[in-house]
Every structure is written in structure tokens, then in C-alpha cells.
Amino acid sequence: MLNNKLTTNPIDASELSFEAFKTIVIEDYKIAFESRQASLLGRKEVLTGKAKFGIFGDGKELPQIAMAKAFKDGDWRSGYYRDQTFAFATGICTMKEFFAQLYANPDVEADPASAGRQMNCHFSTRSLNEDGSWKDLTKMKNSSSDIAPTGGQMARLVGLAYASKLYRKNPELDYLKNFSVKGNEVAFGTIGNASTSEGVFFEAINAAGVLQIPMAISIWDDAYGISVPAKYQTTKEDISEVLKGFQRDDQNAGYEIYKVKGWDYPALCETYQQAIQVCRNEHVPVMIHVTEVTQPQGHSTSGSHERYKDKSRLAWEKEYDCLRQMRMWMLESAIIDEEQLTALENTAKIFVREAQKEAWNEFLADIKIEKDEAVKMINNLAVSNPLLGKITGTLANTPDAQRKEIISSARRALRITRGQPSAERDLLMDWYYGERARNEERYNSKLFNDGKESISTISITEASYHDDNKMVDGREVLNACFDANFARDHRLVAFGEDLGAIGDVNQGFAGLQAKYGELRITDTGIREMTIIGQGIGLALRGLRPIAEIQYLDYLLYAINILSDDLASLSYRTKGGQKAPLIIRTRGHRLEGVWHSGSPISMILGSLRGLHLCVPRNMTQAAGMYNTLLRADEPALVIECLNGYRLKEMMPDNVGEFTVPLGKAEIIRKGADITIVSYGSTLRVVEEAAEELALMDISVEIIDPQTLLPFDTDHQCAASLKKTNKLLIVDEDVPGGGSAYLLQQILEVQGGYYHLDGQPQTLSAKAHRTPYGTDGDYFTKPSVDDVIETVYSMMHDHNETKYPAIY
Ligand SMILES: Cc1ncc(C[n+]2csc(CCOP(=O)(O)OP(=O)(O)O)c2C)c(N)n1
Ligand SMILES: [Mg+2]
């Protein structure tokens, strides 16, 4: 019974008999009522300590039923934590899965949305098979994976809708049958009224209006954002009033904007039917502002709304509770009588209670086995060490013990019995190692998809040259690389500021829009968050976007979306979704405060889950793109801002050769000191090495090429075995990217043991780089700085051979 999904059906008044109409309406009420029971029971589960936190969709049931009616196979949702009724009504989530997530069940079968990784009501469907390959997304109802930062769902919503436009307009994509049927899919967004105050909301609304894409945004307006009322949130306290200028008219494209009350079931059904028809058929974005919505249990389990809603508001919310209103309407319209309703409600209560119990029992069942095993094994050990009896006594008497208590007990037992070898101890240790591996899989796996198209599966093809290859500007190498890839793979699209008509500010895409068309290579507005979101949404729907951030300094305007959404996607769905988005940008030294940034520590700190490529020139960059575009994992590529006009040799196989990720390259061999550097500073270091050679210092230079992953063959440590000295040079702040490199080389690679002196770092200053030649010289590591730092390290080592300069 519990796996039997009751989903909603469309109402088409022209075709339905009254009986059929009644059946649909009654089933809708049942879904809504069950959903309410789930909210009530879910809250109890938190308050009695069985779950840690709860946030629910009570008060939003009817608009979501109406939205679900318009939602078809192949469609997409990008929403937030209030959408449980929609999830039930579409079958995106079952009642039992809802409770499994509330309990944080790490089994992907129990909680397919997140394998217990996300808080409750964070919905997601599984787009991928076990091996990371795509399912047929046109045959299922799709939900992109929710994130907690409110408003963040807006960025990817733009991309989900934009994909339909590309699938409809570009016939070259017709072969991608698993992703679209002629671009008929609507991307449904949901957002709370208060979260429309976020910048990303306005950015996304404007972008979708410009792009004219099938995006249907619903705003659940309960007049509050936690405790803060609308007067602090929204101009005129009315978001659709404020956005009226987006309404399309005879002259101009724009939106269709609808406003409807959240407790009026017939009006809601009609509004959604109309709105989504326009959206789907005409590819016009629509906005449905659902007002007079209530929140019967308050915001979340963290507090009660009696603290901030006055008596009259609370009384109004009771009266206009959408379930109460629908119930009254059904009785008045003779759709059902009181007795039948009560019976239906009682059955629904039992259904929800049963689902909750099953979910709880299943959650505990696995843990219980582990607990019994641990108790038994520690008890066996306790024969020789009575201290352990206390541990198992406590564990055995904790009925709802979780893995933390079980594993912690085993670890304590192993600590207490250290130095007391026994067969029983060996057994416990083996068991603990086994559990550790299983728990790693449960709680720490899938930062990347690790599927059959992962980066590690891409074979390495060297760049090839013949005798008279041309020397060209670096940007021409990139241009030829993109050209070859766009010809090879019709799924590729590239977009960004100034990328289309002029082919980006440094001409990497010059001429390619003319060749491949505006659908594939296109300009965007200045809107970094939704440029990334546009890429995420396209990638979730089977396309291969390259999203361009014009300068690395402006990555800050998109770091929230990159970090919260893209970087966490594989992990938070436990490999259920992938977005192989390549972000292309350019950075490191050039000119001035905002065109010479190298905020590598910001990236390393926030984008685990992406690959980070820092090519030293455009040939290496091209090889990295060739690799990335053949695999299915997201990456950020930072080209050297000052390298586009430097001469490089055009490879014969510019669209084919691949640079493997995580493979460091020794770009100068030496014996006295190892310098590890990346990106633009490598040229500085190479120049310094020339002068150092004249001072009888032999420098080995290593370019890791990618920082995530970093030097997987441990070439840095191998070099230190020879030189025993380490200098790290980069352009980030002191203790930024260089601290990460030290951690990797000294700790991960064990390089510490090969050093005969203190390792050093040479970075930029803590402030931004001032404008002008001298601003650069006195801020970024210069050739002089590198020479003198290396020299002083050699002086520390041998004062006689290397007398002090100063
Ligand atoms: C970016 C961000 N800021 C703050 C929060 C904390 N927070 C969670 S829910 C919420 C209120 C959201 O209100 P609204 O958008 O109206 O949605 P509602 O909960 O009322 O449905 C806030 C401030 C958050 N999750 N994300
Ligand atoms: Mg609200």
C-alpha cells in the first residue's frame, strides 16, 4: 500500500462528467490532507527527538496540487523546502521517503533525493543510473536537487528553462531523445515571498524575460520570512505589483503575470492550467503570485509563530487555512458529504502514520544489527577487561542509538585495550575497519560522480607537431580548440558577457558565432549568478555548456551558486544528478585592483566538487578543455590573463590532444631547490631560474597544472628527495593558495621528511594589486623577489658559497 503513489490528475471541464470531476477533486483533497498530516506528524517526530530538524509545507497544499496538475513528464522543478505536497502529488516523493529523509536514512533506496544527506523536504529525482549514465528524462517528472540557501534555486531555474528553448530551436539536438520532446518542457520554480528580496531572484527574473524561455515561477506568499513581515521585505508589500513592468504587451515580449489566492482551489487549478499552457506553447515565462497563504505550524521546528504573529493574523490563518476552505467548498458544492470526508480523513491519518512507522523501523533496522554486533564483540573483549562492560551496558540501554554511539563505543573499547592483543580484539578491529569503509561510503562518498564518463576514464593523447608548425597568438590555439570541439559535439554551447558577437574580450571565440550560430555561441547580460545557473540547468538536461565569467575577479559574483549548487550537486544527491559544466575565466596578473586577482584560496575553500585547472599557457588550457569536454564532471579553468598574445606553437591535433588532470609537469630540471608554481607566475619563475643559474643555483620548476586534483603522482615530493628545498610561488594572498600547496606537499605527499630547511612561500601582498607597472611590481611576486628568496634559502644552507646580498 505504501508504495502505491496517489498522484493528481488534470481537470478538463469540457471532457469530464461530474462524477469523474468529483473523483479527481476528492483525490486531490486526500493528497492535500495526507500532506498536512505528514507536516503535523513530522513536527512531532522532531519534538520527541527522533529527527533533528523539520521544515514543512503546511498551508501550501492547494497551490501545489494545482501546480502538479500542470506538470508533465519531462518537466523540471527547481524549488525550495515548502513543496512536499507538490512532490507527493507528482510522485516525486512518497510518504515513506519523506519520513526516511526526516530521519536522515543514508540508504539511497530509502531516501532517493539525498541518501539522508539533506534536511527534510529537500527534493530531488535521480537522473542517473548507477554507472552515471543518463536515464530517459522525458519519461519522468524531474526535480533538480534543492538547496537550503533561499533564492539559490532561481539561478539554475533559468538554465532548466533555457534548455527547452535550445531543444526546440536547434534541430541538431533532435537526436537527444532522452532529454526533450521538441523543447516542450516547462521549468517550474518555487520561491517564498521573502526570498524574492534576494538579488538572484531579480537577476533570474530579468534573464528569463530577456531570454523568453518556458519558466513558470510560483511565489508562495505567506507575508512572512520566518518572523519578518512583508513590510520589511518587499516594496509595496506585493511582489507581483512591483514586477508589473515585466508584463508583456502588444509591443514588447515579457511575462504573463497571474495573481491568485492560495486557498481558492478552483481558481488555482484554472490559473495554473492557463499559465502553463502559455508558458509551454509560446515559451513565454510566467509568474504566479499565490497570495493569502498560511503557515499553520510556523516556520520550522525551531520556534513558534505565536512569538511574531498577532492574534488577528493567527485567527485569519485559521480561517483561511486552505484545507478548511477546500473542505467547505467541497461540502457546499455537494462533491462529498461530511461522513465520507471524515472517513477519508481517518484513512489518510492511518496511511501517514503507517508510512512514518515503516520509515522509522527501516531506518533503525540496519543500525540495530550493527549495534548488536558491536555489543557482542565488545562483550567478548570485556571478559579480560571489565572496564568495557560499562561501555556495552550504556550502548545496550540506548534503544535509539545511532551509528555515532555504536562506532564511538567500538573505538573507545579499542583505545582502552591498546597494548593488550587478543583474538577478540582483532575481531573487533576487523569489524571496525569494515564499518569504517561502509560509513565512508554512506557519509563521505560521491564528491564526484565517479561514473563511466569520469575524468579518469579519458585516455591521454599527446599534442603532436610537425617540423614547421606555425607560431601563433595563444588565443588562436584556444580558438582552434573550441572550433574543433563545437564541430565534434553538437551538445556544446558557450555563453557569457561579450562572448557571442565579438568572441570574448580576448578573442578566444572570435568568428565562432558566425560559424555555429547564435543558439550555440551567445552573449548574455551582465549577470554572473545566472550565467552559472544557465550552465547548471543546461548541464542537468544533457547539454554541454561552457559558461564564461569575464574575469576571475568577478567570480565572486557567482561564487554562491558555484559553491552551494554546482560543487555540492553530486555529493548532495549521492550521485543522483550531474551537471558537467565547464566554467571558463581568466585571471592572475594584468592591471589594477579588479583585473589582476588570483583568489585561489577562495576557490579552493568553496569549490570542492569541481576540478580546478590553472594552465600556464593556452596550449595547456586547450588540452584541458579537450579532456573536460569528453568527460562529465564540472570544472573551472583559469586562463592566464596576460597570455593571449604570447606566441605558442599550434598543435596539429588541437581539438584532440588531452592534458590529464592531476598530473604535474616538471618544466625545468634542477638539483638545488624545487619551486612549485602555477599560472602566470610560472613565467616569472622561469625567468628567475635563468639568473639563478648564473649564480650557480640549479632550480627545478614544477607546474601542477591543476590544483584540484593536485599532483596525484607526488612528483613534488619526488623532486624534494633530490633538492631537499621547497619554495612555493603564487599570486594569492599570503597563506592562501600557497598554504594549500604546502599541506598537499608536506602532509599528503610526506614531503616534510625530505627537507633540510624551512619550506617557504612567496605570494602577493595581502591587499589587492594597485594600478600601473609599479603597483604590480610592489605587490605581486617579481623576478627579483623570486631570485632573492631562492638565494636567501641557499644562503641559509651554505653561507660561504652564497654570501648575503643585503
Ligand atoms: C540565503 C539564505 N539566507 C537566509 C536563510 C535563512 N532562512 C531560511 S528560511 C528563511 C525565510 C524564507 O522566507 P520565505 O522566502 O518567505 O519562505 P517561507 O519560509 O515563508 O515559505 C530564512 C531567512 C537561508 N536559508 N538562505
Ligand atoms: Mg514567506
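Arg584 is buried, as is Asp504; buried means under 20% relative accessible area, exposed means over 50%, and partly exposed lies in between (1.4 Å probe, protein chains only). The model is predicted: local features need pLDDT of at least 70, side-chain atom pairs count only at pLDDT 80 or more, and totals for chains, interfaces and linings use all residues. Residues are numbered from 1 along each chain as its sequence is written, chains are lettered from A and ligands numbered from 1 in the order in which they are written, and side-chain values use heavy atoms, with hydrogens and water left out.

The side chains of Arg584 and Asp504 form a salt bridge, at 2.8 Å from N to O. A salt bridge is a side-chain nitrogen of Lys or Arg within 4 Å of a carboxyl oxygen of Asp or Glu. The Arg584 and Asp504 pair links distant parts of the chain, 80 residues apart. Arg584 is in strand β13 (residues 582–587). Asp504 is in the loop between β10 (492–496) and α16 (512–516). Helices (H or I, at least four residues) and strands (E, at least two) are DSSP runs, numbered from the N terminus. Salt bridges with shared partners join Asp504, Glu548, Arg584, Arg586 and Glu639 into one network.

The structure holds 53 salt bridges. One of them is formed by Arg442 and Glu370, whose closest N and O atoms are 3.2 Å apart. Arg442 lies in helix α14 (residues 423–444) and Glu370 in helix α11 (residues 338–382), so this pair ties together parts that are 72 residues apart in sequence. Arg442 has 14% relative accessibility and counts as buried. Glu370 is buried too, at 6%. A further salt bridge joins the side chains of Arg572 and Asp565, at 2.8 Å from N to O. Arg572 and Asp565 are both buried.

Glu648 is buried yet has no salt bridge. The nearest side chain of opposite charge, Arg683, is 6.4 Å away. Here Lys and Arg count as positive and Asp and Glu as negative, while His and the chain ends are not counted. Glu648 belongs to strand β16 (residues 647–649). Its side chain makes a polar contact with the side chain of Thr619, at 2.4 Å. A polar contact is a pair of N or O atoms within 3.5 Å; within protein, one must be able to donate a hydrogen and the other to accept it, and residues adjacent in sequence count only if both atoms are side-chain atoms. Neighbours within four places in sequence aside, Glu648 is in contact (heavy atoms within 4.5 Å) with Lys470, Met471, Val472, Gly474, Val477, Asn617, Met618, Thr619 and Gly643.

The magnesium ion (ligand 2) is coordinated by Asn193 (OD1), Asp222 (OD) and Tyr224 (O), at 2.0 to 2.1 Å. Donors are N, O and S atoms within 2.8 Å of the metal (3.2 Å for Na, K and Ca); water is not among the atoms, so sites may look incomplete. The donor residues of this magnesium ion are spaced N-x28-D-x1-Y in sequence. Asn193 and Tyr224 link distant parts of the chain, 31 residues apart. Asn193 sits in the loop between β3 (187–192) and α6 (199–211), and Tyr224 in strand β5 (residues 224–225). Asn193 is buried, at 5% relative accessibility. Tyr224 is buried, at 12%.

An open sheet of 6 strands runs in the order β2-β1-β3-β4-β8-β7, with parallel pairing. Two strands pair if DSSP finds at least two bridges between them. The edge strands β2 (142–143) and β7 (256–261) each pair on one side only. Within the sheet, β4 (residues 215–220) and β8 (residues 286–291) pair in the parallel sense over 5 bridges. Ile219 has His289 as its bridge partner in β8.

Several backbone features fall in loops. His283 has a positive phi, near 55 degrees, in a residue other than glycine. His283 is in the loop between α8 (265–282) and β8, and is buried, with a relative accessible area of 7%. Ala104 is not a glycine either, yet has a positive phi of about 65 degrees. Ala104 lies in the loop between α4 (95–102) and β2, and counts as partly exposed, at 33% relative accessibility. The peptide bond from Leu708 to Pro709 is cis, with omega near 0 degrees. Pro709 is in the loop between β20 (706–708) and α23 (715–723).
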